[in-house]
Amino acid sequence: MPPLREHRRATKTVTHLADGRELIYFDDPGAPPRRPRADRRELPSRDTIPELRWDALAGEWVSVAAQRQDRTYLPPEKECPLDASTPEYASEIPDPGYDVVVFENRFPSFATLPSAPRGPLPAIRPGDMLNRAAGRGRCEVVCFTSDHHTAFSGLSPARVRTLLDAWIDRTEQLSTHPDIEQVFIFENRGREIGVTLTHPHGQIYGYPFIAPHLRAQLDQARAYEASCGRNLFADTLAAEVAAGERVVQRGEHWTAFVPFAARWPMEVHLYPNRQVPDLPALTEAELDELSRVYLAVLRRLEAVFDDTLPYIAGWHQAPVRRDRDLAYLHLQVTSTRRAPGKLKYLAGSESAMGSFINDMQPEEVAALLRDAKIVEP
């Protein structure tokens, strides 16, 4: 990893929750110095690490995190654990207000205890069909705002810029952990996706392995480079720009497009116009434009249908220790919404065979997004 970036905008304050989990405030520029309040809740100690089990048929690790069965599920609004604390209710954030806050997930898919051994996963034992390992890593929750009733698309560009500083910080910090091989930043939005907390938030996974989707992309990129000496992601972006019909928005530093072989009814990829491995590698100018383009993409998606927009937004960043020259940072936003009142469900072909069938023409989707009337919050 390159040296840690000097953050120029957001103010970072680190504290801890009652059970020892880390909590980090990222305040907008110009905010007064924060004196974080103590978490006065009585919480059980953390003593369990999820288990990884090797699926020999798929060649993939599966996390078994049974403690997640007890996670908070659709609580009443006044008991939302992501809201700022009040005199009547103590949430995961002890302070009465915040801009952006990050904390270790209380119900993680991957975790590391201070007393546990650290380091890479053990090698798979040939012939052993029951390979398992400790699910070491880290899972964090990222709250975008203390306003329970807004959405990412309702944030200001200035707040998104603070959020970008938080994502950069977490990418850098998690990349130094000996357990972590990939840092994945994402947002799930909407009950249709399975979201159980409606407060605007996302998550960060520090995987102890390279996740299957990224691994497959890098394998393709490696083969492509061997065959023609060029970068697969860069050529994909160049081809979309040259074709033009699926480009949704293009600026000095970023291009948004519906991919040629889109799998989802609504799908947009957002690429920087130059190849970089991850968010920390972006310049200040690229980050400033991203804070505006990201919002525009989400608002276009929301404007297509007079309905809710369930979506998943995920940042594809390079692995921490390998193939960083092959990778190309980009954002993928997908939605199952295919028409007002209609969703695409993953059925037999997609779920059983992994073979996707798209219900919408990518070129038509791009035209809908270009023509969408963006509504400013």
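These legends walk through several close-up views of a predicted model.

**View 1. An open sheet built from eleven strands.** Follow the strands across and you get the order S1-S2-S5-S7-S9-S8-S13-S14-S12-S11-S10, with antiparallel pairing. Which strands sit at the edges? They are strand S1 (11–16) and strand S10 (247–250), each of which pairs on one side only. From one strand to the next, the twist averages 20°.

**View 2. Two helices that pack on the sheet.** Helix H1 (residues 157–174) touches S1, strand S2 (22–27), S5, strand S7 (138–143), strand S8 (182–189), strand S9 (201–207) and S13. The direction of H1 makes about 145° with that of S2. Helix H6 (residues 362–371) packs on the sheet too, touching S10 and S12. For H6, the angle to take in is the one with S10, about 40°.

**View 3. Strands S13 and S14 side by side.** Five bridges link this pair, and the sense is antiparallel. To find your way in, look for Ala-313, which stands opposite Val-333 in S14. The loop between strand S13 (311–316) and strand S14 (330–335) holds Asp-323. Asp-323 isn't a glycine, yet its phi is positive, at about 55°. Is Asp-323 buried or exposed? Its relative accessibility is 14%, so Asp-323 counts as buried.

**View 4. The hairpin from S10 to S11.** Three residues make the link in this hairpin. The two strands run antiparallel and are joined by three bridges.

**View 5. Phe-260, out in a loop.** Go on to the loop between strand S11 (254–257) and strand S12 (266–272) and you'll find Phe-260. Phe-260 has a relative accessibility of 61%, so it counts as exposed. Which residues does Phe-260 touch, leaving out those up to four places away in sequence? The list is Glu-240, Arg-246 and Pro-362. Glu-240 is 20 residues from Phe-260 in sequence, while their C-alpha atoms are 7.7 Å apart in space.

**View 6. Leu-74 and its positive phi.** Most residues other than glycine have a negative phi. Leu-74 has a positive one, near 45°. You'll spot Leu-74 in the loop between strand S4 (60–64) and strand S5 (100–104). Leu-74 is partly exposed, at a relative accessible area of 32%.

**View 7. The largest nonpolar core.** This core has 53 residues, and Phe-152, Trp-167 and Trp-315 are those with the most contacts inside it. Helix H4 (residues 284–304) supplies the largest share, nine residues. Zoom in on Trp-167 and look beyond residues up to four places away in sequence: its contacts include Val-142, Phe-144, Phe-152, Ile-185 and Ile-204. Leu-279, Tyr-294 and Trp-315 are also among the residues that Trp-167 touches.

**View 8. Cysteines without a disulfide.** How many disulfides does a search of the whole structure find? The count is zero. Take Cys-80: the closest cysteine sulfur is in Cys-143, but it is 7.7 Å away and therefore too far for a bond. Cys-139 is in no disulfide either, and for this residue the nearest cysteine sulfur, again that of Cys-143, is 15 Å away. Cys-80 is buried, with a relative accessible area of 3%. Cys-139 counts as buried too, at 3% relative accessibility.

Definitions and conventions
Residues are numbered from 1 along each chain as its sequence is written. This is a predicted model: local features need pLDDT of at least 70, side-chain atom pairs count only at pLDDT 80 or more; totals for chains, interfaces and linings use all residues. Side-chain values use heavy atoms; hydrogens and water are left out. Helices (H or I, at least four residues) and strands (E, at least two) are DSSP runs, numbered from the N terminus. Buried means under 20% relative accessible area, exposed over 50%, partly exposed in between (1.4 Å probe, protein chains only). Contact means heavy atoms within 4.5 Å. Two strands pair if DSSP finds at least two bridges between them. Axes are lines fitted to C-alpha atoms, for helices over the stretch in contact, and angles run from 0 to 180 degrees between N-to-C directions. A nonpolar core is a set of buried Ala, Val, Leu, Ile, Met, Phe, Trp, Tyr and Cys residues joined through side-chain atoms within 4.5 Å. A disulfide is a pair of cysteine sulfur atoms within 2.5 Å.
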